[in-house]
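Subject: The structure you wanted to look at

Hi,

Here is the structure I promised to pass on. Have a look at it first, then read my notes below.

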Amino acid sequence: MYSLFFLLTACDVFLDKSPTENMVALSFDDGRSFWIDRYEFPNREGDLPKASTTFEEAKQSCAEQGKRLCTAAEWRRACLGPTGTNRFGYGLLYQEGLCHLSTALPSGHSSMMEPDKQLQMSGQKKRCQTPEGVFDLIGNAEEWVLDDWHGIPAALEGGAWYTYHQYADCSGRYSRQPDYHITIDRKILSAGFRCCWSQTPPRDEDIRSDAQARLQSVSSSPSSVTYDPENEVPIGEDTFIDRYEYPNRLGERPLTAIDWRTASALCQKSNKRLCESYEWEAACSTGSLYPYGDRYDPASCAIMNKRLSKSGHFTACRSPNGAMDMVGNAWEWTNTPMEAAALQNGSSITRREIRGGSWFAEQRKGSCTASDGYPAAREDQAFPDVGFRCCRGSLYQRPRKEKPTGTCPDQMVPGENYCIDIYEYPNQKGVTPKTHITLEQAISICKSQDKRLCTESEWEQACMGIQQSKWPYGDQYRSGLCADSGDRSQEVVEGAQPSGSKERCTNEIGTYDMSGNLWEWVADDIDSSQGVLKGGGHNFSAGLGQCKSKATAESDYQAREVGVRCCTASK
């Protein structure tokens, strides 16, 4: 584990004169005191906060002022106020418009943003302050702190201008989500910071004690529940999955706050196993986004709810095979490892894929397929809203599709009753694809070639191939196979790569670069006049570039990460 003391003392410079100008003095109940910047760095009212920072840059900037980054406990103390009850800094209850958050992104996804255009000046939201006079802790820029919810170095608190308000509060729940990940040595577009100062630097033991108290407040005991191993439903001929989340009993609350290792051991104890992520998805639906269909129904499953519910309480949250609560309520561990070097941050501990979202998750995360975020968590860490269910029998064999055999124009390959470009426009191997394309331009480009926009389902079919895998190359993420920023051994991908330069980013269909490189305009399946973006782009986001990844951009959105490939009818 990193030495937090080393991280602190390596960058903190304490001057003889206290650097407390434009800072607010605060203290804990045990008498420990500290100062915190009134505004986000550079700590001046009316200035635009600094964003697009790394953890190390934030630490260094504070050190140059004779200060340091705040600990998570200090940040929360400032946000919660003197009574410890102000969930949003200004009070207990959320009030729309008081802070700069919940702003729609023109791109439809946080991997594509322009912070200089979307941030507001410090102190502009006059009522977004604590009773003690600390501004903009909620929203605007999310802020680096020294330690995360498990006491490991580096976290972001408070949410950004685009963050949903239920995530952006003082509690720290924002950074304890299991699919929440940061890369501390790479710039995060929405990440800013503010500094703290104290006569004595915080100690390692104080930070560890704070993390331990948080973990104990949500800890669970597997010995307190009785598991029912018989209540199963089929996935395939010889593959079964528990009907409910562990302990697999109607009317009982799922067991949460246990790590992957404990969950795996509990399944093995009953001669079962954790499901592979593709088995979990097959049990959740037969291809639809939710267990009950493609149209989101807020009343069907426990998504964006107030608390964990008893198993089976949401009777409409039923998969076609009879599995309950696979979307919402609790995230669920799967057995599938996630090989994403950029998410490791110096740790060799394996990450395992998680699925389904939770009662606390947004709609786009509470689905049968991982289309947003980084759906994996360290196998040695427990989270308040992560549980599991067990599988039994042979590994599920997903039905293969026949390879399409239609006749297509040059530089196109057949899908099911359609043809699709092999590469992103201009559809030439070795040529860097064209970017900064709006939806209207994408439609015009395709029309000029006697083609059309691909529909979302056509695009997904070509990406998933005859194996129907989650990435073009298979069911497990592989760093470096496609043009994204997931391989720490290589330079960060800063722009579109020449088409076909990632020779293994393909499948039996024969298309290239459908994961990573560029987001691509496609036509919405339900309303063909509406466009959505597919593919994940080169910034390593949106479900790690899975074939199901998508962003709902505005039609006039254009960026260096946005392009198109075209389709036409097969002969």
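Which residue forms a salt bridge with Glu 456? The partner is Lys 550, and the closest N and O atoms of the two are 3.2 Å apart. By salt bridge I mean a side-chain nitrogen of Lys or Arg within 4 Å of a carboxyl oxygen of Asp or Glu.

Before going on, some ground rules. This is a predicted model, in which local features need pLDDT of at least 70 and side-chain atom pairs count only at pLDDT 80 or more, while totals for chains, interfaces and linings use all residues. Residues are numbered from 1 along each chain as its sequence is written, and side-chain values use heavy atoms, with hydrogens and water left out.

Back to that pair. Helices (H or I, at least four residues) and strands (E, at least two) are DSSP runs, numbered from the N terminus. Glu 456 counts as buried because its relative accessibility is 8%, whereas Lys 550, at 26%, is partly exposed. The cut-offs are under 20% relative accessible area for buried, over 50% for exposed, and partly exposed in between (1.4 Å probe, protein chains only). Both residues also belong to a network of salt bridges that links Glu 456, Glu 460, Lys 534, Lys 548 and Lys 550.

Helix 9 (residues 456–464) is also the place of Trp 459, which counts as buried because its relative accessibility is 0%.

How many salt bridges does the structure hold? The count is 35. One of them joins Glu 57 and Lys 187, with 2.7 Å between the closest N and O atoms. This one links distant parts of the chain, as Glu 57 is in helix 2 and Lys 187 is in the loop between strand 5 and strand 6 (191–192), 130 residues apart. Glu 57 is partly exposed at 28%, and Lys 187 is exposed at 51%. Another joins Asp 47 and Arg 44, again with the closest N and O atoms 2.7 Å apart.

Helix 2 has a buried side too: Phe 55, Ala 58 and Cys 62 are among its buried residues. Just after helix 2, Gly 66 takes a positive phi of about 75 degrees.

Now for the inside. A nonpolar core is a set of buried Ala, Val, Leu, Ile, Met, Phe, Trp, Tyr and Cys residues joined through side-chain atoms within 4.5 Å. The largest one has 48 residues, and Ile 36, Leu 69, Ile 138, Trp 144, Ile 182 and Phe 193 touch the most other members. Elements giving two or more residues to this core include helix 2 (55–64), helix 3 (72–80) and strand 4 (142–147). Helix 3 provides the largest share, 5 residues. Apart from this core lies another, of 19 residues, including Tyr 278 and Cys 368.

Finally, where is Arg 307? Look in the loop between helix 7 (277–284) and strand 11 (331–338). Arg 307 counts as exposed, because its relative accessibility is 52%.

Enjoy exploring!
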